[in-house]
Amino acid sequence: MADKNETGLGEELTTGQGPYEDSDGAAEGESPGGTRVATETAAPERASDTTSSHGAAETDSELPSQVEEQVEADSEGAIGSEAGGEAAALEEDSGSGGTTTSADSTDKSSDAYHARVTAAAGTPSGLFNGLIRELRPKQWVKNILVLAAPFTAGALLDVSILLDAAMAFVVFSMAASGIYFINDALDVESDRAHPTKRNRPIAAGLIPLPIAYAVCGLLLVGSLVISGLISMPLFAVMAVYIGVQLGYCFGLKHQPVIDLCIVASGFLLRAVAGGAAAGLVITQWFYIVVAFGSLFMVAGKRYAEVKLANETGAKIRKSLRAYSASYLRFVWAISAAIMIMSYSQWAYEIQNHDHSRWGVISIIPFVIGILRYAVDVDKGVAGEPEEVALKDKVLLVLFCVLAGCLFLAFYL
């Protein structure tokens, strides 16, 4: 989905740390930051107060970067995720035999961090590392959805079907990475004017534009060729995915509602690809559950971003300004309702077809999991769906219980 959504499509919330351009290149003003403590004490006390004031200001100055890291998007939003890599902390002599860590070295909006990222520009090692980071292998975890159709068809233990699903995973990873390259290449000028996006490999100069376009072409064409060799249904799915994502990159990401649907479609097409590669028949309930489940996650993520922006004053990209928190809550709530109803219908169909009650029992962890995920969304802390799931241990347990129930229903 426009799989930093998909395309991730660069969708970060940013705090005002200086002038920068939004996705359309419009300059944004800067927001005041920091805290100044005035001291009017005697000379012996003034030094102590000054130290305290400096500590408070330093703590406050870290807040913008913390907020930005928390709400950094990628949607699927994936393209919006930071691909600059982690900078090692700079250590300096404290004068008392110890060392202290420089905050600027880990603040992704600081000039020190940017200097570390661009230091390798124009070198072979810089190009290699930039290419690896721009591929964004961490985002490939989303492609595990290709296993959904074989799993629910009770065919995941079939070696030939598993191999077909694995190839679907490979071609989807290639296509998604190719979309990341084209998206960042098109947005290179606005990214360079952004306090954190300037650290992306292409914007930072680690990957020259001609190479970025060449790699993009190889990945996208390669994914189509390989998928065509596997099966024509998979080729059709990949062609639709690439076409939709390119449309997102070339302007559809600025269209309200359309951008939500495109990002959500990335998840749906992943799930469909696994069945298409293996030639499996997919039920209508599977399509409905995955489609509205995807829309639920995307709307919830946007809701969290807008809610956080309203509370903190953080700036958001142009397309998100068209949404109100109430509208996104409406989309989020109605998607959850349809998803739960469709899953329940599907679970009872499993019982009638396989004569197993485990499908019906799975409704319990499924509904609790949806409600648990909604708690994170309502707090305004929902980032990428996979990140939310991995950080919430209760949600992980519920997912394991759900998977266990479905395994018993399909394979017992």
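Analyst: Helices H4 and H6 are roughly perpendicular to each other, a label for angles of 65 to 115 degrees, and in this predicted model H4 (residues 124–135) and H6 (residues 159–186) pack at about 110° with their axes 8 Å apart. Helices here are DSSP runs of H or I with at least four residues, numbered from the N terminus, while axes are lines fitted to C-alpha atoms over the stretch in contact, and angles run from 0 to 180 degrees between N-to-C directions. Leu131, Glu134 and Leu135 of H4 meet Ser177, Tyr180, Phe181 and Asp184 of H6, where contact means heavy atoms within 4.5 Å.

Further along, Asp376 lies in helix H14 (residues 363–378) and is buried, with a relative accessible area of 14%; buried means under 20% with a 1.4 Å probe, protein chains only. Asp376 is 16 residues from Asp392 in sequence and 8.9 Å from it in space, C-alpha to C-alpha. At the start of H16, a side-chain oxygen of Asp392 comes to within 3.1 Å of the backbone nitrogen of Val394. The buried residues of H16 (residues 393–411) include Leu395, Leu398, Leu402 and Cys405.

Residues are numbered from 1 along each chain as its sequence is written, and side-chain values use heavy atoms, leaving out hydrogens and water. Local features need pLDDT of at least 70 and side-chain atom pairs count only at pLDDT 80 or more, whereas totals for chains, interfaces and linings use all residues.

Terms used:
Helix = DSSP H or I, 4+ residues; strand = E, 2+ residues; numbered from the N terminus. Parallel < 35°, antiparallel > 145°, perpendicular 65-115°, else oblique. Buried < 20%, exposed > 50% of the residue type's maximum accessible area, 1.4 Å probe, protein only. Expected span 1.5 Å × (residues − 1). Polar contact = N/O pair within 3.5 Å; in protein donor to acceptor, adjacent residues only side chain to side chain.
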